[in-house]
Amino acid sequence: MQSYLFETEEHSALRAQVRRFAAREIAPHANEWEEAEEFPRDLYARAAEAGVLGVGYPESYGGGGGDLSHVVVACEEMILAGRSVGTCVGLGSHGIAIPPILRVGTEAQRQRFAAPVIRGEKISALAITEPGGGSDVANLRTRAERDGDHYVINGSKTFITSGVRADLVTVAVRTGGPGHGGLSLIVVERGTEGFSVGRKLKKMGWWASDTAELVFENCRVPAANLIGDENAGFIAIVMNFAIERVFLAAQCVAIATLAYQESIAYARERQAFGKSLTGFQVVRHKLAEMATRIAAARALTGEVVTRCLRDGDGPALAGLAAMAKNTATDACSFVCDEAVQVHGGYGYMREYLVERLYRDARLYPIGGGTREIMNEIVCKTEGY
Amino acid sequence: MKILVSLKRTADPDNANKVKVAPGGAKIVTDGLEPKVNPFDEYAVETALRLVENGKTRIAGDTVVVASFGPKEAATNIRQSLAMGADSGLLFTTDDDSLDGDLVARALAKVVEAQKPDLVILGKQAVDGDSNQVAQVLAETLGWPSATFAMSVNLSADKKTVTVGREVDGGVVKLTLTLPAVISVDLRIVGAKAVTNNVTPAAFAYNDGPRFAPLPMIIKAKTKPIAEAPLASLGVDTGLKVRYTGFELPAARKAGIKVKDVADLVERLRTDAKAL
């Protein structure tokens, strides 16, 4: 059964709605948008109208209510029925950009920055990684100097999902001294003087989502855009990471499930040596191994969600979220690789979905914290 | 205004190719297929909701009640309509196999007597049996006016009549019915402006298709009432009048041929297909 242990009838009703939206609004255009490396901007509004975009956000900010468990199943259906990982992650970039604003921002900031994004009127992005360093968050170098009631930002960010089109970007900046104690989060709006998109980056996968390099040159941002206290940004960034890793693990489970389903369908249909591929034990065992890895990844991802809902997303969750991310990314990489293998020559062709999923899968052991950083987090939480 | 909508659950129509025929052709086997709301019934719910709305807001005092016949699990399908916006559900429990169009229509007539709706809206047919009987038999049993295969519905400002558009060969027939009445709906009824009630502004356009149920509505639906009672409690004769004598799968389609050009096509149509 392709569902999480925590699911109730409510989740399956939500799945049905999201499935219908994704099958109707995304799947028919999946290849076209991936090849064009962009999806139409009005998809945000349509997703919001259908109640898909706001899942997991409070109704008071235009969201649909629900919690992490609802976000995870909605995300899975978007990928399974939408069949375009790039579109789903682009459409979902607010999932990392908005939570810090809701968590540590003021009520005015939530209404001004978060609500229009949740309503699908504006696009948001989160900018942490810099050309000179990604994993080493505590040493990021983009500076924001206080000047009266403004901050003047200088520096650059890279690998920013939805950065090309974003109307507002939640940016990690250095407002204080070196190390994690000198970091802050600030919202920079499109059109602010000194803020520009350096270039749109070409990627291995996730084609339908745009990825940008962002440049800040004497960019003056009102001090009112500072999210949370000055120099207290690191904890907000880290808390956000833990949840992002759950999202990434859930995406991996969904992508692997999709690649597995495609492989079963192909193996049933494809004939070789007078029988279908499923008639060969070597292929059946491949499928069984794929199913097993997915089940394990799903179980651990589901456990993180359940624990998060039960115990809160405190520091104790970070280790398990890191384990889940590594388990799920490994399962996804393995399953997508085997899916290409089951498809043979066709699996190497762009017209087959598994070829694209194989490329999409490669992001996950890197993005949102590398596999190696995940292991460092596990070491810390395990106490050695 | 009170509207009653009937709802049937059918084996997942998106996976109809997985339906099997039992050995001997005694019945259809739908094992492993998720029961879903018959699509035409979903359109009926959408129609009812549009009639009791002023654009995006509900008209106070108007209600939509959804009734279904089937096993206890059918409550899930009713709840889906509640998540779309219907107010309450009625589930009359019985086996799916112990129903036919005639029994459902007579049972619905009893429900109508108890609920006293101003309008009954049904899907034109269920996509499993495609019998297309319930609306017609129900209207006859009640002695109410009816219009089937509605592609448009306009509720008059005084809420005393509905004008129903029906697609027929060569055009659209419009029938005006005095309420209470029975309507069965076709696919086009969920077009952006197919349903009008003289309250929702003429400029307002719905999204095509039945609406999405957002998460808050899904959560709210859990608290809406679904009254459950055995089918027998309606006091209808539960004997079946429709008997199925056998089922068989249609013959597998043969591969087509490719023609060179129009001349070849015409030749093939004349000689092979004998269509010209």
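Student: How are two packed helices described?

Tutor: Two helices that pack together are described by two values, the angle between their axes and the distance between those axes. In this predicted model, helix 4 (residues 68–82) of chain A packs with helix 10 (residues 281–311) of chain A at an angle of about 150 degrees, and their axes are 9 Å apart. Because angles over 145 degrees count as roughly antiparallel, helix 4 of chain A is roughly antiparallel to helix 10 of chain A.

Student: Which residues make the contact of helix 4 with helix 10 in chain A?

Tutor: On the side of helix 4 of chain A they are L68(A), S69(A), V72(A) and E76(A), while helix 10 of chain A brings R298(A), V305(A), C308(A) and L309(A). Sorted by class, this contact has five nonpolar, one polar and two charged residues.

Student: How is a pair of aromatic rings described?

Tutor: For such a pair one gives the distance of the centres and the angle of the planes. Over all chains the structure holds 13 aromatic pairs, and one of them is formed by F195(A) and F216(A), which are stacked, with 5.2 Å from centre to centre and 15 degrees between the planes. F195(A) lies in strand 6 (residues 195–200) of chain A and F216(A) in strand 7 (residues 211–222) of chain A, so this pair ties together parts that are 21 residues apart in sequence.

Student: How many cavities of 30 Å³ or more are counted, and which residues line the largest cavity?

Tutor: The count comes to one cavity of 30 Å³ or more, and the volume of the largest cavity is about 30 Å³. Its lining is drawn from chain A, with L14(A), Q17(A), V18(A), A50(A), G51(A) and V52(A), and from chain B, with F212(B), A213(B), P214(B) and L215(B). Helix 1 (residues 9–25) of chain A gives the most to this lining, with three residues, and by class the lining has eight nonpolar, two polar and no charged residues.

Student: What can the backbone show at P180(B) and at F159(A)?

Tutor: The peptide bond from L179(B) to P180(B) is cis, with omega near 0 degrees, and P180(B) sits in the loop between strand 13 (171–178) and strand 14 (181–185) of chain B. F159(A), although not a glycine, has a positive phi of about 60 degrees, and its place is in strand 3 (residues 150–161) of chain A.

Student: Where is G179(A) found, and what does G179(A) touch?

Tutor: G179(A) is in the loop between strand 4 (168–174) and strand 5 (183–189) of chain A. Leaving out residues up to four places away in sequence, G179(A) touches A138(A), N139(A) and R174(A).

Technical notes:
Residues are numbered from 1 along each chain as its sequence is written. Chains are lettered from A and ligands numbered from 1 in the order in which they are written. This is a predicted model: local features need pLDDT of at least 70, side-chain atom pairs count only at pLDDT 80 or more; totals for chains, interfaces and linings use all residues. Side-chain values use heavy atoms; hydrogens and water are left out. On a 1 Å grid over the protein atoms alone, a cavity is a set of points where a 1.4 Å probe fits but cannot get out, and a pocket is an open set with protein on both sides within 12 Å along at least five of seven lines; lining residues have an atom within 4 Å of a point. Grid points are joined across faces, edges and corners, and a volume is the space filled by probe spheres set on the points. Helices (H or I, at least four residues) and strands (E, at least two) are DSSP runs, numbered from the N terminus. Ala, Val, Leu, Ile, Met, Phe, Trp, Tyr, Cys and Pro count as nonpolar, Asp, Glu, Lys and Arg as charged, and the others, Gly among them, as polar. Axes are lines fitted to C-alpha atoms, for helices over the stretch in contact, and angles run from 0 to 180 degrees between N-to-C directions. Angles under 35 degrees count as roughly parallel, over 145 as roughly antiparallel, 65 to 115 as roughly perpendicular and the rest as oblique. Contact means heavy atoms within 4.5 Å. Rings of Phe, Tyr and Trp (its six-membered ring) pair if their centres lie within 6.5 Å; planes under 30 degrees apart count as stacked, over 60 as edge-to-face and the rest as tilted.
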